[in-house]
Amino acid sequence: MSETIDKTPRTNRRGFIQWSLLGLLSAWFLASLNMIVQFLIPPARSHKSKDLSIPLTQIPPGTSTVVNYKGSPVIVVNSDLGVAAFDAACTHLGCVVKWLPEQQNFYCPCHAGKFDQTGKVISGPPPEPLHPVKVEVVNDNIVFL
Amino acid sequence: MITWLKKQALALYDWVDYRTGVQDLTKDQLTEYRVPPKLNKWYSLGGLALFVLIMQLVTGTLLLVYYVPSTEEGFASVQRIMLEIPYGWLIRVSHAVGSHAMIFVLILHMVSVVCMGSYKKPREITWLTGCALLFLSLGICFTGYLLPWSQLSYWATTVATNIPEPIPLIGPWIVKIIRGGESISPDTLNRFFALHVVVIPAVMLALVGVHLFLVRVLGISDPSKNKSKKDS
(Lines give C-alpha, C1' and ligand atoms only; values in the text may rest on other atoms or scores of the structure.)
Protein backbone atom coordinates (compact mmCIF):
# COMPACT_ATOMS: atom_id res chain seq x y z
CA MET A 1 0.00 0.00 0.00
CA SER A 2 2.73 2.38 0.98
CA GLU A 3 4.56 1.98 -2.34
CA THR A 4 1.64 3.41 -4.24
CA ILE A 5 1.81 6.78 -2.46
CA ASP A 6 3.16 9.45 -4.75
CA LYS A 7 5.97 11.24 -2.96
CA THR A 8 6.12 14.27 -5.28
CA PRO A 9 4.68 17.39 -3.64
CA ARG A 10 1.18 18.10 -4.80
CA THR A 11 1.67 21.77 -5.48
CA ASN A 12 -1.78 22.17 -7.00
CA ARG A 13 -3.57 20.97 -3.93
CA ARG A 14 -1.41 23.09 -1.66
CA GLY A 15 -1.99 26.15 -3.85
CA PHE A 16 -5.72 25.53 -3.79
CA ILE A 17 -5.77 25.31 -0.01
CA GLN A 18 -3.65 28.43 0.35
CA TRP A 19 -5.90 30.44 -1.94
CA SER A 20 -9.04 29.14 -0.23
CA LEU A 21 -7.65 30.12 3.12
CA LEU A 22 -6.65 33.54 1.82
CA GLY A 23 -10.12 34.01 0.33
CA LEU A 24 -11.81 32.96 3.53
CA LEU A 25 -9.63 35.29 5.60
CA SER A 26 -10.20 38.22 3.23
CA ALA A 27 -13.96 37.63 3.30
CA TRP A 28 -13.87 37.60 7.09
CA PHE A 29 -11.68 40.69 7.14
CA LEU A 30 -13.89 42.61 4.72
CA ALA A 31 -17.04 41.66 6.64
CA SER A 32 -15.45 42.89 9.88
CA LEU A 33 -14.24 46.05 8.19
CA ASN A 34 -17.72 46.75 6.85
CA MET A 35 -19.14 46.27 10.33
CA ILE A 36 -16.60 48.65 11.86
CA VAL A 37 -17.14 51.30 9.19
CA GLN A 38 -20.92 51.13 9.65
CA PHE A 39 -20.41 51.36 13.40
CA LEU A 40 -18.23 54.45 13.06
CA ILE A 41 -20.33 56.36 10.51
CA PRO A 42 -21.94 59.21 12.46
CA PRO A 43 -25.46 58.00 13.20
CA ALA A 44 -28.33 60.17 12.06
CA ARG A 45 -29.65 61.84 15.16
CA SER A 46 -33.09 60.44 15.79
CA HIS A 47 -34.86 63.79 16.07
CA LYS A 48 -38.39 62.55 16.17
CA SER A 49 -38.78 65.67 18.36
CA LYS A 50 -41.43 63.96 20.47
CA ASP A 51 -43.15 67.17 21.52
CA LEU A 52 -40.12 68.62 23.22
CA SER A 53 -41.04 70.55 26.31
CA ILE A 54 -39.07 72.07 29.15
CA PRO A 55 -40.47 72.70 32.62
CA LEU A 56 -40.62 76.44 33.26
CA THR A 57 -38.88 75.90 36.59
CA GLN A 58 -35.74 74.89 34.70
CA ILE A 59 -35.18 78.50 33.58
CA PRO A 60 -36.13 80.97 36.30
CA PRO A 61 -36.62 84.61 35.15
CA GLY A 62 -33.42 86.07 33.72
CA THR A 63 -31.80 82.77 32.82
CA SER A 64 -31.56 80.65 29.70
CA THR A 65 -30.88 77.15 28.48
CA VAL A 66 -29.73 75.60 25.22
CA VAL A 67 -31.64 72.57 23.98
CA ASN A 68 -31.29 70.30 20.98
CA TYR A 69 -34.35 70.88 18.81
CA LYS A 70 -34.63 69.04 15.48
CA GLY A 71 -30.89 68.51 15.47
CA SER A 72 -29.80 72.09 16.00
CA PRO A 73 -29.13 74.10 19.16
CA VAL A 74 -31.97 76.35 20.28
CA ILE A 75 -31.53 78.87 23.08
CA VAL A 76 -34.56 79.44 25.31
CA VAL A 77 -34.58 82.53 27.52
CA ASN A 78 -36.86 83.74 30.24
CA SER A 79 -36.30 87.49 29.98
CA ASP A 80 -38.26 90.56 31.12
CA LEU A 81 -40.35 90.15 27.97
CA GLY A 82 -41.31 86.57 28.85
CA VAL A 83 -40.21 83.26 27.39
CA ALA A 84 -38.72 83.31 23.91
CA ALA A 85 -36.61 80.90 21.88
CA PHE A 86 -34.13 81.46 19.08
CA ASP A 87 -31.99 79.37 16.83
CA ALA A 88 -28.76 79.58 18.83
CA ALA A 89 -26.61 79.82 15.70
CA CYS A 90 -25.26 83.36 15.34
CA THR A 91 -26.38 84.84 12.01
CA HIS A 92 -22.79 85.93 11.35
CA LEU A 93 -20.82 82.68 11.13
CA GLY A 94 -22.95 80.21 13.07
CA CYS A 95 -21.32 80.07 16.50
CA VAL A 96 -23.66 79.24 19.36
CA VAL A 97 -24.66 82.44 21.12
CA LYS A 98 -24.93 82.65 24.87
CA TRP A 99 -27.25 84.61 27.11
CA LEU A 100 -25.73 87.21 29.41
CA PRO A 101 -28.11 87.39 32.39
CA GLU A 102 -26.61 90.61 33.81
CA GLN A 103 -27.02 92.53 30.56
CA GLN A 104 -30.15 90.69 29.40
CA ASN A 105 -28.84 90.22 25.90
CA PHE A 106 -27.29 87.55 23.67
CA TYR A 107 -23.58 87.52 23.06
CA CYS A 108 -21.70 85.63 20.40
CA PRO A 109 -18.28 84.61 21.77
CA CYS A 110 -16.70 84.28 18.31
CA HIS A 111 -16.80 87.86 17.05
CA ALA A 112 -18.56 89.74 19.85
CA GLY A 113 -21.91 90.07 18.11
CA LYS A 114 -24.68 91.28 20.44
CA PHE A 115 -28.41 90.80 20.18
CA ASP A 116 -31.16 92.14 22.43
CA GLN A 117 -33.93 90.12 24.07
CA THR A 118 -35.99 90.11 20.89
CA GLY A 119 -33.04 88.89 18.81
CA LYS A 120 -32.33 92.24 17.15
CA VAL A 121 -28.67 93.07 16.48
CA ILE A 122 -27.22 95.59 18.94
CA SER A 123 -23.62 95.60 17.83
CA GLY A 124 -20.98 93.52 16.08
CA PRO A 125 -20.80 91.86 12.68
CA PRO A 126 -24.10 89.85 12.52
CA PRO A 127 -26.02 90.88 9.37
CA GLU A 128 -29.50 90.00 10.60
CA PRO A 129 -31.40 89.25 13.82
CA LEU A 130 -31.44 85.81 15.45
CA HIS A 131 -33.98 83.45 13.91
CA PRO A 132 -36.88 83.01 16.34
CA VAL A 133 -38.32 79.59 17.18
CA LYS A 134 -41.97 79.46 18.19
CA VAL A 135 -42.59 78.36 21.77
CA GLU A 136 -45.54 78.65 24.10
CA VAL A 137 -45.97 78.25 27.83
CA VAL A 138 -48.61 75.63 28.62
CA ASN A 139 -49.19 74.55 32.22
CA ASP A 140 -45.78 75.77 33.35
CA ASN A 141 -44.12 73.91 30.50
CA ILE A 142 -42.34 75.52 27.58
CA VAL A 143 -43.66 73.71 24.52
CA PHE A 144 -42.14 73.89 21.07
CA LEU A 145 -44.81 74.49 18.42
CA MET B 1 1.58 47.45 -15.65
CA ILE B 2 1.46 44.52 -13.22
CA THR B 3 5.13 43.69 -13.74
CA TRP B 4 5.96 47.35 -13.12
CA LEU B 5 3.92 47.32 -9.89
CA LYS B 6 5.61 44.10 -8.82
CA LYS B 7 8.99 45.66 -9.48
CA GLN B 8 8.10 48.73 -7.44
CA ALA B 9 6.75 46.62 -4.59
CA LEU B 10 9.93 44.53 -4.57
CA ALA B 11 12.03 47.68 -4.60
CA LEU B 12 10.09 49.02 -1.63
CA TYR B 13 10.43 45.66 0.15
CA ASP B 14 14.18 45.69 -0.47
CA TRP B 15 14.39 49.26 0.81
CA VAL B 16 12.60 48.31 4.04
CA ASP B 17 14.48 45.02 4.35
CA TYR B 18 17.87 46.70 4.04
CA ARG B 19 16.98 49.03 6.92
CA THR B 20 15.16 46.57 9.20
CA GLY B 21 16.25 43.06 8.25
CA VAL B 22 12.59 42.12 8.11
CA GLN B 23 13.26 39.24 5.70
CA ASP B 24 15.58 37.40 8.06
CA LEU B 25 13.24 38.16 10.91
CA THR B 26 10.20 36.60 9.20
CA LYS B 27 12.32 33.66 8.13
CA ASP B 28 13.66 33.02 11.64
CA GLN B 29 10.50 33.77 13.55
CA LEU B 30 7.69 32.84 11.19
CA THR B 31 8.17 30.93 7.97
CA GLU B 32 11.11 28.75 9.02
CA TYR B 33 10.56 28.84 12.76
CA ARG B 34 11.41 25.44 14.20
CA VAL B 35 8.87 23.90 16.55
CA PRO B 36 9.16 20.63 18.42
CA PRO B 37 7.57 17.65 16.69
CA LYS B 38 4.26 16.25 17.95
CA LEU B 39 2.68 19.53 18.97
CA ASN B 40 -0.91 18.96 20.07
CA LYS B 41 -3.90 21.29 20.22
CA TRP B 42 -3.09 22.33 23.76
CA TYR B 43 -0.20 24.32 22.34
CA SER B 44 -2.64 26.60 20.50
CA LEU B 45 -4.14 28.08 23.67
CA GLY B 46 -1.54 30.83 24.15
CA GLY B 47 -2.08 32.00 20.59
CA LEU B 48 -5.82 31.79 21.13
CA ALA B 49 -5.51 33.97 24.25
CA LEU B 50 -3.54 36.51 22.21
CA PHE B 51 -6.29 36.47 19.57
CA VAL B 52 -8.97 37.07 22.21
CA LEU B 53 -6.86 39.89 23.66
CA ILE B 54 -6.64 41.57 20.25
CA MET B 55 -10.40 41.14 19.76
CA GLN B 56 -10.98 42.73 23.16
CA LEU B 57 -8.72 45.67 22.27
CA VAL B 58 -10.51 46.24 18.95
CA THR B 59 -14.06 45.91 20.27
CA GLY B 60 -13.18 47.86 23.42
CA THR B 61 -11.75 50.74 21.40
CA LEU B 62 -14.88 50.76 19.25
CA LEU B 63 -17.13 50.81 22.32
CA LEU B 64 -15.12 53.72 23.65
CA VAL B 65 -16.31 55.74 20.64
CA TYR B 66 -19.90 55.84 21.93
CA TYR B 67 -19.69 54.97 25.63
CA VAL B 68 -19.95 57.87 28.10
CA PRO B 69 -18.36 57.18 31.51
CA SER B 70 -20.85 58.97 33.71
CA THR B 71 -23.58 57.92 36.09
CA GLU B 72 -26.13 60.10 34.29
CA GLU B 73 -25.41 59.07 30.72
CA GLY B 74 -23.53 55.77 31.05
CA PHE B 75 -26.52 53.47 30.90
CA ALA B 76 -28.22 55.53 28.18
CA SER B 77 -25.06 55.43 26.07
CA VAL B 78 -24.88 51.64 26.44
CA GLN B 79 -28.53 51.42 25.43
CA ARG B 80 -27.75 53.57 22.41
CA ILE B 81 -24.89 51.24 21.44
CA MET B 82 -27.19 48.24 21.79
CA LEU B 83 -30.26 49.65 20.04
CA GLU B 84 -29.32 52.48 17.70
CA ILE B 85 -25.75 52.20 16.46
CA PRO B 86 -25.37 49.77 13.53
CA TYR B 87 -23.68 46.56 14.73
CA GLY B 88 -23.27 48.15 18.17
CA TRP B 89 -25.00 45.15 19.75
CA LEU B 90 -22.56 42.80 18.04
CA ILE B 91 -19.52 44.73 19.18
CA ARG B 92 -20.68 45.08 22.77
CA VAL B 93 -21.77 41.45 23.05
CA SER B 94 -18.48 40.37 21.45
CA HIS B 95 -16.65 42.36 24.11
CA ALA B 96 -18.71 40.78 26.90
CA VAL B 97 -18.44 37.23 25.51
CA GLY B 98 -14.76 37.84 24.78
CA SER B 99 -14.14 38.65 28.44
CA HIS B 100 -15.56 35.27 29.42
CA ALA B 101 -13.64 33.57 26.62
CA MET B 102 -10.45 35.22 27.87
CA ILE B 103 -10.74 33.71 31.35
CA PHE B 104 -11.80 30.34 29.92
CA VAL B 105 -8.87 30.22 27.50
CA LEU B 106 -6.37 31.43 30.10
CA ILE B 107 -7.41 28.76 32.58
CA LEU B 108 -7.18 26.03 29.92
CA HIS B 109 -3.77 27.42 28.94
CA MET B 110 -2.67 27.29 32.55
CA VAL B 111 -3.95 23.74 33.01
CA SER B 112 -2.04 22.59 29.93
CA VAL B 113 1.13 24.30 31.12
CA VAL B 114 0.82 22.67 34.54
CA CYS B 115 0.09 19.22 33.12
CA MET B 116 2.95 19.35 30.62
CA GLY B 117 5.33 20.79 33.21
CA SER B 118 6.16 23.69 30.92
CA TYR B 119 6.51 26.09 33.84
CA LYS B 120 9.71 24.39 35.05
CA LYS B 121 13.19 25.81 34.80
CA PRO B 122 14.10 27.90 32.80
CA ARG B 123 10.51 29.09 32.14
CA GLU B 124 9.61 30.39 35.61
CA ILE B 125 9.40 34.04 34.56
CA THR B 126 7.11 33.15 31.66
CA TRP B 127 4.91 31.32 34.14
CA LEU B 128 4.88 34.18 36.63
CA THR B 129 4.03 36.81 34.03
CA GLY B 130 1.28 34.46 32.85
CA CYS B 131 -0.11 34.26 36.38
CA ALA B 132 -0.01 38.05 36.65
CA LEU B 133 -1.84 38.25 33.34
CA LEU B 134 -4.59 35.96 34.65
CA PHE B 135 -5.12 38.18 37.70
CA LEU B 136 -5.05 41.32 35.56
CA SER B 137 -7.65 39.73 33.27
CA LEU B 138 -9.85 39.04 36.26
CA GLY B 139 -9.34 42.66 37.34
CA ILE B 140 -10.24 44.02 33.94
CA CYS B 141 -13.39 41.86 33.88
CA PHE B 142 -14.31 43.14 37.32
CA THR B 143 -13.81 46.82 36.49
CA GLY B 144 -15.54 46.47 33.12
CA TYR B 145 -18.61 44.96 34.74
CA LEU B 146 -19.49 48.21 36.50
CA LEU B 147 -19.24 50.42 33.42
CA PRO B 148 -22.78 49.93 31.97
CA TRP B 149 -24.03 51.32 35.31
CA SER B 150 -27.04 49.01 35.32
CA GLN B 151 -28.72 47.57 38.40
CA LEU B 152 -26.84 44.32 37.86
CA SER B 153 -23.43 45.96 37.59
CA TYR B 154 -24.11 48.31 40.50
CA TRP B 155 -25.10 45.57 42.92
CA ALA B 156 -22.51 43.10 41.66
CA THR B 157 -19.83 45.70 42.32
CA THR B 158 -21.32 46.52 45.72
CA VAL B 159 -21.14 42.86 46.71
CA ALA B 160 -17.68 42.29 45.24
CA THR B 161 -16.12 45.39 46.77
CA ASN B 162 -17.48 44.24 50.15
CA ILE B 163 -15.32 41.14 50.03
CA PRO B 164 -12.13 42.66 51.56
CA GLU B 165 -14.07 44.24 54.43
CA PRO B 166 -13.66 41.40 57.01
CA ILE B 167 -9.86 41.66 56.77
CA PRO B 168 -8.72 42.82 60.21
CA LEU B 169 -7.61 46.46 60.53
CA ILE B 170 -7.06 47.29 56.85
CA GLY B 171 -10.27 45.76 55.43
CA PRO B 172 -12.53 48.83 55.59
CA TRP B 173 -9.67 50.99 54.34
CA ILE B 174 -9.16 48.74 51.27
CA VAL B 175 -12.89 48.88 50.50
CA LYS B 176 -12.77 52.66 50.68
CA ILE B 177 -9.76 52.82 48.35
CA ILE B 178 -11.40 50.53 45.78
CA ARG B 179 -14.67 52.44 45.85
CA GLY B 180 -13.19 55.90 46.08
CA GLY B 181 -15.55 56.62 48.96
CA GLU B 182 -17.86 54.98 51.46
CA SER B 183 -20.23 53.61 48.84
CA ILE B 184 -20.44 53.06 45.08
CA SER B 185 -20.58 56.56 43.62
CA PRO B 186 -19.70 58.44 40.42
CA ASP B 187 -16.11 58.44 41.69
CA THR B 188 -16.15 54.63 41.69
CA LEU B 189 -17.30 54.62 38.08
CA ASN B 190 -14.54 57.02 37.08
CA ARG B 191 -11.74 55.10 38.75
CA PHE B 192 -13.00 51.79 37.40
CA PHE B 193 -13.17 53.38 33.95
CA ALA B 194 -9.58 54.61 34.22
CA LEU B 195 -8.41 51.17 35.39
CA HIS B 196 -10.40 49.33 32.74
CA VAL B 197 -9.43 51.48 29.78
CA VAL B 198 -5.91 52.70 30.53
CA VAL B 199 -4.08 51.19 33.48
CA ILE B 200 -4.79 47.47 33.26
CA PRO B 201 -4.57 47.24 29.43
CA ALA B 202 -1.23 49.06 29.44
CA VAL B 203 0.24 46.76 32.11
CA MET B 204 -1.22 43.71 30.37
CA LEU B 205 0.31 44.65 27.03
CA ALA B 206 3.70 45.16 28.65
CA LEU B 207 3.48 41.77 30.37
CA VAL B 208 2.29 40.09 27.16
CA GLY B 209 5.39 41.56 25.53
CA VAL B 210 7.65 40.04 28.17
CA HIS B 211 5.74 36.74 28.03
CA LEU B 212 6.01 36.42 24.25
CA PHE B 213 9.62 37.55 24.22
CA LEU B 214 10.50 34.84 26.71
CA VAL B 215 8.52 32.23 24.79
CA ARG B 216 10.59 33.04 21.72
CA VAL B 217 13.90 33.30 23.53
CA LEU B 218 13.48 30.02 25.44
CA GLY B 219 11.66 28.19 22.66
CA ILE B 220 8.55 26.06 22.89
CA SER B 221 8.82 23.52 25.68
CA ASP B 222 8.88 19.91 24.60
CA PRO B 223 7.58 17.51 27.24
CA SER B 224 8.68 14.46 25.24
CA LYS B 225 12.25 15.69 25.44
CA ASN B 226 12.06 16.18 29.21
CA LYS B 227 10.69 12.70 29.61
CA SER B 228 13.37 11.06 27.48
CA LYS B 229 16.03 12.86 29.49
CA LYS B 230 14.57 11.53 32.70
CA ASP B 231 14.28 8.01 31.29
CA SER B 232 17.80 7.79 30.01
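Two strands pair if DSSP finds at least two bridges between them. The legends below use that term for a predicted model.

**View 1. A hairpin in chain A.** A hairpin links β3(A) to β4(A) through 2 residues. The two strands, β3(A) and β4(A), pair in the antiparallel sense. Their pairing covers 6 bridges. Within it, Val77(A) stands opposite Ala84(A) of β4(A). In a regular strand the side chains alternate between the two faces of the sheet.

**View 2. β4(A) beside β9(A).** β4(A) also pairs with strand β9 (residues 132-133) of chain A. The sense is antiparallel, and there are 2 bridges. Phe86(A) has Pro132(A) in β9(A) as its bridge partner.

**View 3. The surroundings of Phe86(A).** Which residues does Phe86(A) touch, leaving aside residues up to four places away in sequence? They are Val74(A), Ile75(A), Gly119(A), Leu130(A), His131(A), Pro132(A) and Val133(A). Pro132(A) is also the bridge partner of Phe86(A).

**View 4. The largest nonpolar core.** This core has 17 residues. Those with the most contacts inside it are Val74(A), Ile75(A), Val76(A), Ala85(A), Phe86(A) and Val97(A). Three strands of chain A, β3 (72-79), β4 (82-87) and β6 (105-108), each supply at least two of the core residues. β3(A) gives the most, with 4 residues.

**View 5. A second core.** A separate core has 8 residues. Among them are Tyr67(B), Val78(B), Ile81(B) and Ile85(B).

**View 6. An open sheet in chain A.** Four strands lie in the order β5-β6-β7-β8. Their pairing is antiparallel. Which strands form the edges? The edge strands are β5 (98-100) and β8 (121-123) of chain A, and each pairs on one side only. From one strand to the next, the twist averages 35 degrees.

**View 7. β7(A) against β8(A).** Strand β7 (residues 113-115) of chain A runs antiparallel to β8(A). The two are joined by 2 bridges. Here Lys114(A) stands opposite Ser123(A) in β8(A).

**View 8. Helix α1 of chain B.** Helix α1(B) spans residues 2-20, 19 residues in total. From its first C-alpha to its last it reaches 26 Å, close to the expected 27 Å. Is the helix well covered or hardly covered? α1(B) is hardly covered, with a count of 0 buried residues. Gly21(B) follows the helix, and its phi is positive, near 65 degrees.

**View 9. Where the chains meet.** In chain A, 7 residues are in contact with 9 residues of chain B. The chain A side has 5 nonpolar and 2 polar residues. This side of chain A has no charged residues.

Conventions
Residues numbered from 1 in each chain as written. Chains lettered and ligands numbered in written order. Predicted model: local features only at pLDDT ≥ 70, side-chain atom pairs only at ≥ 80, totals over all residues. Expected span 1.5 Å × (residues − 1). Buried ≥ 20, exposed ≤ 12 C-beta atoms within 10 Å, placed from the backbone. Contact = placed C-beta atoms within 7 Å. Nonpolar A, V, L, I, M, F, W, Y, C, P; charged D, E, K, R; others polar. Core = buried A, V, L, I, M, F, W, Y, C linked by C-beta atoms within 7 Å. Axes fitted to C-alpha atoms, helices over the stretch in contact; angles between N-to-C directions.
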